[in-house]
Amino acid sequence: MSKFRGLRRIGIFDICNTLLMLAVCFVTLYPMYFVFINSLNAPEQAILGTVNWYPKAVSLDSYRVVFDDDNLMNGFLITTLRTVIGTVVHVLFTAIVAYGMSKTNLIGRKIYMKIALITMLFSGGLIPTFILMTKLGLYDNFLVFIIPAMYTFFDMVIFMSFFRTIPEGLEESAKVDGASDYGVFFRIVLPNSMAVIATIALFAAVYHWNDYYQGVLYIRSQDKLPLQTMLYKIIAENSMSFMQQQAMAQFGAKLPGNSIKFASMMVATLPILAFYPFIQRYLVKGVMIGAIKG
(Lines give C-alpha, C1' and ligand atoms only; values in the text may rest on other atoms or scores of the structure.)
Protein backbone atom coordinates (compact mmCIF):
# COMPACT_ATOMS: atom_id res chain seq x y z
CA MET A 1 0.00 0.00 0.00
CA SER A 2 2.86 2.38 0.75
CA LYS A 3 4.21 1.84 -2.75
CA PHE A 4 0.85 2.73 -4.28
CA ARG A 5 0.62 5.83 -2.09
CA GLY A 6 4.07 6.89 -3.28
CA LEU A 7 3.06 6.43 -6.91
CA ARG A 8 -0.14 8.37 -6.28
CA ARG A 9 1.79 11.24 -4.71
CA ILE A 10 4.23 11.30 -7.62
CA GLY A 11 1.35 11.32 -10.08
CA ILE A 12 -0.35 14.26 -8.36
CA PHE A 13 2.94 16.15 -8.23
CA ASP A 14 3.57 15.56 -11.93
CA ILE A 15 0.06 16.74 -12.82
CA CYS A 16 0.46 19.91 -10.75
CA ASN A 17 3.89 20.54 -12.21
CA THR A 18 2.55 20.11 -15.75
CA LEU A 19 -0.37 22.44 -15.10
CA LEU A 20 1.97 25.04 -13.64
CA MET A 21 4.25 24.84 -16.69
CA LEU A 22 1.27 25.18 -19.02
CA ALA A 23 0.10 28.24 -17.08
CA VAL A 24 3.56 29.83 -17.32
CA CYS A 25 3.69 29.08 -21.07
CA PHE A 26 0.26 30.63 -21.55
CA VAL A 27 1.18 33.80 -19.63
CA THR A 28 4.40 34.05 -21.64
CA LEU A 29 2.97 33.40 -25.11
CA TYR A 30 -0.43 35.09 -24.89
CA PRO A 31 0.85 38.71 -25.21
CA MET A 32 2.59 37.81 -28.47
CA TYR A 33 -0.50 35.93 -29.66
CA PHE A 34 -2.69 38.92 -28.73
CA VAL A 35 -0.50 41.27 -30.77
CA PHE A 36 -0.50 38.85 -33.73
CA ILE A 37 -4.27 38.33 -33.96
CA ASN A 38 -4.97 42.04 -33.55
CA SER A 39 -2.50 42.87 -36.30
CA LEU A 40 -4.54 40.63 -38.63
CA ASN A 41 -7.90 42.18 -37.77
CA ALA A 42 -9.79 43.89 -40.56
CA PRO A 43 -10.31 47.66 -40.09
CA GLU A 44 -14.01 47.32 -39.26
CA GLN A 45 -13.17 44.79 -36.52
CA ALA A 46 -10.12 46.63 -35.20
CA ILE A 47 -12.12 49.84 -34.73
CA LEU A 48 -14.41 48.00 -32.29
CA GLY A 49 -11.43 47.33 -30.03
CA THR A 50 -12.71 43.93 -28.92
CA VAL A 51 -10.33 41.21 -27.73
CA ASN A 52 -10.82 37.92 -29.57
CA TRP A 53 -9.14 34.55 -29.58
CA TYR A 54 -9.00 34.70 -33.36
CA PRO A 55 -9.59 37.46 -35.94
CA LYS A 56 -13.18 37.44 -37.14
CA ALA A 57 -12.13 39.04 -40.43
CA VAL A 58 -8.52 38.62 -41.57
CA SER A 59 -6.87 41.53 -43.34
CA LEU A 60 -3.25 42.36 -44.21
CA ASP A 61 -3.91 46.07 -44.67
CA SER A 62 -1.92 47.01 -41.57
CA TYR A 63 1.13 45.10 -42.80
CA ARG A 64 0.83 46.76 -46.20
CA VAL A 65 0.88 50.17 -44.55
CA VAL A 66 3.93 49.20 -42.50
CA PHE A 67 5.89 47.86 -45.46
CA ASP A 68 4.93 50.84 -47.62
CA ASP A 69 6.36 53.25 -45.05
CA ASP A 70 9.89 54.13 -46.22
CA ASN A 71 10.93 55.30 -42.74
CA LEU A 72 10.10 51.98 -41.11
CA MET A 73 11.84 50.00 -43.84
CA ASN A 74 14.92 52.21 -43.49
CA GLY A 75 14.80 51.64 -39.72
CA PHE A 76 14.62 47.90 -40.37
CA LEU A 77 17.77 48.16 -42.51
CA ILE A 78 19.59 50.22 -39.86
CA THR A 79 18.66 47.69 -37.17
CA THR A 80 19.80 44.77 -39.33
CA LEU A 81 23.15 46.40 -40.09
CA ARG A 82 23.59 47.34 -36.45
CA THR A 83 22.85 43.81 -35.29
CA VAL A 84 25.17 42.11 -37.77
CA ILE A 85 28.11 44.53 -37.47
CA GLY A 86 27.71 45.07 -33.73
CA THR A 87 27.54 41.34 -32.99
CA VAL A 88 30.64 40.48 -35.06
CA VAL A 89 32.68 43.36 -33.60
CA HIS A 90 31.58 42.62 -30.03
CA VAL A 91 32.38 38.91 -30.23
CA LEU A 92 35.77 39.45 -31.87
CA PHE A 93 36.94 42.30 -29.62
CA THR A 94 35.69 40.70 -26.39
CA ALA A 95 37.27 37.36 -27.32
CA ILE A 96 40.66 39.01 -27.98
CA VAL A 97 40.57 40.80 -24.61
CA ALA A 98 39.44 37.65 -22.81
CA TYR A 99 42.18 35.55 -24.39
CA GLY A 100 44.85 37.88 -23.06
CA MET A 101 43.19 38.08 -19.64
CA SER A 102 43.01 34.29 -19.42
CA LYS A 103 46.83 34.09 -19.28
CA THR A 104 48.16 34.15 -15.74
CA ASN A 105 51.54 35.51 -16.91
CA LEU A 106 49.98 38.72 -18.28
CA ILE A 107 51.69 41.72 -16.70
CA GLY A 108 49.22 43.83 -14.70
CA ARG A 109 46.42 41.26 -15.07
CA LYS A 110 45.03 41.80 -11.57
CA ILE A 111 44.92 45.56 -12.03
CA TYR A 112 43.09 45.18 -15.35
CA MET A 113 40.56 42.85 -13.74
CA LYS A 114 39.86 45.28 -10.90
CA ILE A 115 39.42 48.18 -13.33
CA ALA A 116 37.08 46.12 -15.50
CA LEU A 117 35.08 44.99 -12.45
CA ILE A 118 34.56 48.61 -11.39
CA THR A 119 33.07 49.42 -14.81
CA MET A 120 30.61 46.56 -14.33
CA LEU A 121 29.42 47.81 -10.93
CA PHE A 122 29.46 51.58 -11.57
CA SER A 123 28.87 53.83 -14.55
CA GLY A 124 29.60 57.46 -15.30
CA GLY A 125 25.93 58.38 -15.47
CA LEU A 126 23.72 59.57 -18.28
CA ILE A 127 24.96 63.17 -18.64
CA PRO A 128 28.73 62.40 -18.54
CA THR A 129 28.19 59.57 -21.01
CA PHE A 130 26.24 61.86 -23.34
CA ILE A 131 29.00 64.49 -23.17
CA LEU A 132 31.62 61.81 -23.87
CA MET A 133 29.77 60.52 -26.93
CA THR A 134 29.40 64.09 -28.20
CA LYS A 135 33.11 64.87 -27.71
CA LEU A 136 34.05 61.65 -29.52
CA GLY A 137 31.94 62.67 -32.50
CA LEU A 138 29.50 59.80 -32.05
CA TYR A 139 26.39 61.92 -31.64
CA ASP A 140 24.06 61.35 -34.59
CA ASN A 141 26.57 58.80 -35.91
CA PHE A 142 25.89 55.16 -36.76
CA LEU A 143 29.05 54.16 -34.89
CA VAL A 144 27.38 55.11 -31.60
CA PHE A 145 25.61 51.75 -31.85
CA ILE A 146 28.87 49.83 -32.41
CA ILE A 147 31.79 51.33 -30.46
CA PRO A 148 30.26 51.62 -26.93
CA ALA A 149 29.00 48.02 -27.19
CA MET A 150 32.29 46.50 -28.35
CA TYR A 151 33.12 45.13 -24.90
CA THR A 152 31.32 44.06 -21.74
CA PHE A 153 32.98 42.65 -18.65
CA PHE A 154 30.33 39.94 -18.17
CA ASP A 155 30.87 38.48 -21.64
CA MET A 156 34.63 38.74 -21.18
CA VAL A 157 34.41 36.60 -18.03
CA ILE A 158 32.44 33.94 -19.92
CA PHE A 159 35.02 33.90 -22.70
CA MET A 160 37.90 33.86 -20.24
CA SER A 161 36.46 30.94 -18.27
CA PHE A 162 36.03 28.95 -21.47
CA PHE A 163 39.52 29.68 -22.79
CA ARG A 164 41.01 28.29 -19.58
CA THR A 165 39.45 24.88 -20.37
CA ILE A 166 41.34 24.61 -23.69
CA PRO A 167 44.40 22.36 -23.20
CA GLU A 168 47.63 24.31 -23.17
CA GLY A 169 49.23 21.58 -25.25
CA LEU A 170 47.29 22.74 -28.31
CA GLU A 171 48.70 26.24 -28.06
CA GLU A 172 52.22 25.04 -27.28
CA SER A 173 52.28 22.69 -30.26
CA ALA A 174 51.11 25.52 -32.54
CA LYS A 175 53.85 27.82 -31.22
CA VAL A 176 56.44 25.09 -31.77
CA ASP A 177 55.32 25.01 -35.42
CA GLY A 178 55.99 28.74 -35.64
CA ALA A 179 52.54 30.22 -35.01
CA SER A 180 52.34 33.66 -33.40
CA ASP A 181 49.94 34.58 -30.60
CA TYR A 182 47.42 35.87 -33.13
CA GLY A 183 47.89 32.72 -35.21
CA VAL A 184 47.19 30.56 -32.16
CA PHE A 185 44.13 32.62 -31.33
CA PHE A 186 42.55 32.59 -34.79
CA ARG A 187 43.60 29.08 -35.88
CA ILE A 188 43.41 27.12 -32.62
CA VAL A 189 41.40 28.93 -29.96
CA LEU A 190 38.47 30.35 -31.94
CA PRO A 191 37.71 27.17 -33.96
CA ASN A 192 37.48 25.25 -30.65
CA SER A 193 35.23 27.86 -29.03
CA MET A 194 32.15 27.79 -31.25
CA ALA A 195 29.78 27.01 -28.36
CA VAL A 196 30.75 30.06 -26.30
CA ILE A 197 30.96 32.22 -29.45
CA ALA A 198 27.38 31.26 -30.31
CA THR A 199 26.30 32.13 -26.78
CA ILE A 200 27.93 35.57 -26.74
CA ALA A 201 26.71 36.23 -30.28
CA LEU A 202 23.17 35.48 -29.14
CA PHE A 203 23.48 37.87 -26.21
CA ALA A 204 24.88 40.63 -28.44
CA ALA A 205 22.39 40.10 -31.28
CA VAL A 206 19.38 40.22 -28.97
CA TYR A 207 20.71 43.38 -27.31
CA HIS A 208 21.37 45.18 -30.58
CA TRP A 209 18.04 44.15 -32.08
CA ASN A 210 15.90 45.09 -29.08
CA ASP A 211 17.72 48.24 -27.95
CA TYR A 212 15.90 51.50 -28.60
CA TYR A 213 17.40 53.75 -25.93
CA GLN A 214 20.65 54.51 -27.77
CA GLY A 215 18.65 55.83 -30.69
CA VAL A 216 16.53 58.00 -28.40
CA LEU A 217 19.60 59.56 -26.78
CA TYR A 218 22.15 59.91 -29.56
CA ILE A 219 20.36 59.89 -32.93
CA ARG A 220 18.75 63.01 -34.34
CA SER A 221 18.44 62.26 -38.06
CA GLN A 222 15.35 60.34 -39.12
CA ASP A 223 17.28 58.23 -41.63
CA LYS A 224 19.60 56.87 -38.90
CA LEU A 225 16.95 55.77 -36.41
CA PRO A 226 16.78 52.01 -35.77
CA LEU A 227 13.49 50.19 -36.03
CA GLN A 228 13.01 49.76 -32.28
CA THR A 229 13.47 53.48 -31.64
CA MET A 230 10.91 54.30 -34.31
CA LEU A 231 8.51 51.78 -32.82
CA TYR A 232 9.05 53.30 -29.38
CA LYS A 233 8.22 56.76 -30.71
CA ILE A 234 5.14 55.43 -32.50
CA ILE A 235 3.84 53.87 -29.29
CA ALA A 236 4.96 56.55 -26.81
CA GLU A 237 4.11 59.61 -28.87
CA ASN A 238 1.12 58.11 -30.67
CA SER A 239 2.48 59.53 -33.95
CA MET A 240 0.32 57.49 -36.33
CA SER A 241 -1.33 60.27 -38.29
CA PHE A 242 0.96 60.05 -41.34
CA MET A 243 0.64 56.28 -41.62
CA GLN A 244 -3.12 56.51 -41.19
CA GLN A 245 -3.27 59.06 -44.00
CA GLN A 246 -1.39 56.60 -46.18
CA ALA A 247 -3.90 53.90 -45.28
CA MET A 248 -6.81 56.17 -46.18
CA ALA A 249 -5.25 57.03 -49.54
CA GLN A 250 -4.47 53.41 -50.33
CA PHE A 251 -7.47 51.51 -48.99
CA GLY A 252 -10.14 54.19 -48.84
CA ALA A 253 -10.69 53.52 -45.12
CA LYS A 254 -9.02 54.70 -41.97
CA LEU A 255 -7.05 52.00 -40.19
CA PRO A 256 -6.97 52.31 -36.39
CA GLY A 257 -3.65 53.33 -34.88
CA ASN A 258 -3.57 50.25 -32.66
CA SER A 259 -3.81 47.94 -35.65
CA ILE A 260 -0.79 49.55 -37.28
CA LYS A 261 1.09 49.47 -33.97
CA PHE A 262 0.48 45.74 -33.61
CA ALA A 263 1.66 45.11 -37.16
CA SER A 264 4.80 47.18 -36.50
CA MET A 265 5.50 45.15 -33.36
CA MET A 266 5.24 41.89 -35.28
CA VAL A 267 7.56 43.13 -38.02
CA ALA A 268 10.11 44.18 -35.37
CA THR A 269 9.86 40.95 -33.36
CA LEU A 270 9.60 38.13 -35.91
CA PRO A 271 13.22 38.23 -37.21
CA ILE A 272 14.78 37.69 -33.79
CA LEU A 273 12.17 35.03 -32.96
CA ALA A 274 13.04 33.20 -36.18
CA PHE A 275 16.77 33.43 -35.45
CA TYR A 276 16.66 32.39 -31.78
CA PRO A 277 15.66 28.68 -32.09
CA PHE A 278 18.66 27.88 -34.32
CA ILE A 279 21.16 29.10 -31.74
CA GLN A 280 19.33 28.62 -28.44
CA ARG A 281 20.75 25.11 -27.93
CA TYR A 282 24.22 26.61 -27.56
CA LEU A 283 23.10 28.96 -24.80
CA VAL A 284 23.27 26.71 -21.73
CA LYS A 285 26.22 24.76 -23.09
CA GLY A 286 28.27 27.85 -23.73
CA VAL A 287 27.56 29.38 -20.32
CA MET A 288 28.15 26.21 -18.30
CA ILE A 289 31.07 24.64 -20.15
CA GLY A 290 33.58 27.06 -18.74
CA ALA A 291 32.23 26.81 -15.21
CA ILE A 292 32.57 23.01 -14.82
CA LYS A 293 35.87 21.88 -13.42
CA GLY A 294 36.86 18.27 -13.50
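Helices here are DSSP runs of H or I with at least four residues, strands are E runs of at least two, and both are numbered from the N terminus. You're looking at a predicted model, where local features need pLDDT of at least 70, side-chain atom pairs count only at pLDDT 80 or more, and totals for chains, interfaces and linings use all residues. Residues are numbered from 1 along each chain as its sequence is written, and side-chain values use heavy atoms, with hydrogens and water left out.

Start with a cartoon view of the protein chain: 15 helices and 0 strands. Of its 294 residues, 37% count as buried (under 20% relative accessible area; exposed is over 50%, partly exposed in between, with a 1.4 Å probe and protein chains only).

**First stop: the cavity.** Select Val66, Leu72, Met73, Leu227, Leu231, Ser264 and Val267, which line the largest cavity. A cavity is a set of points, on a 1 Å grid over the protein atoms alone, where a 1.4 Å probe fits but cannot get out; lining residues have an atom within 4 Å of a point. Its volume is about 40 Å³, taken as the space filled by probe spheres set on the points, with grid points joined across faces, edges and corners. Now colour α4 (70-101), α12 and α14 (257-279): each gives the lining at least two residues.

**Next: the rings.** Show Phe, Tyr and Trp side chains. Rings (for Trp, the six-membered one) pair if their centres lie within 6.5 Å; planes under 30 degrees apart are stacked, over 60 edge-to-face, and the rest tilted. That rule gives 15 aromatic pairs. Zoom in on Tyr30 and Tyr33, whose centres are 6.5 Å apart with planes at 45°, so this pair is tilted. You'll find both in helix α1 (residues 2-39), 3 residues apart, about one turn of the helix. Tyr30 is partly exposed at 23% relative accessible area, and Tyr33 is also partly exposed, at 33%.

Then hop to Tyr212 and Tyr232, a stacked pair at 4.7 Å centre to centre with 25° between the planes. Tyr212 sits in the loop between α10 (194-210) and α11 (213-218) and Tyr232 in helix α12 (residues 227-237), so the pair ties together parts 20 residues apart in sequence. Tyr212 is partly exposed at 35%; Tyr232, at 36%, is partly exposed too.

For a group view, select Tyr99, Phe159, Phe162, Phe163, Phe185 and Phe186, a cluster linked by ring pairs.

**Last stop: a charge over a ring.** Pick Arg82, which lies over the face of Tyr207, 5.8 Å from the ring centre. The cut-offs are NZ of Lys or CZ of Arg within 6 Å of the ring centre and within 35 degrees of the ring normal.

Key. 1 Å grid on protein atoms, 1.4 Å probe; cavity = no way out; pocket = protein on both sides within 12 Å on 5 of 7 lines; lining within 4 Å.
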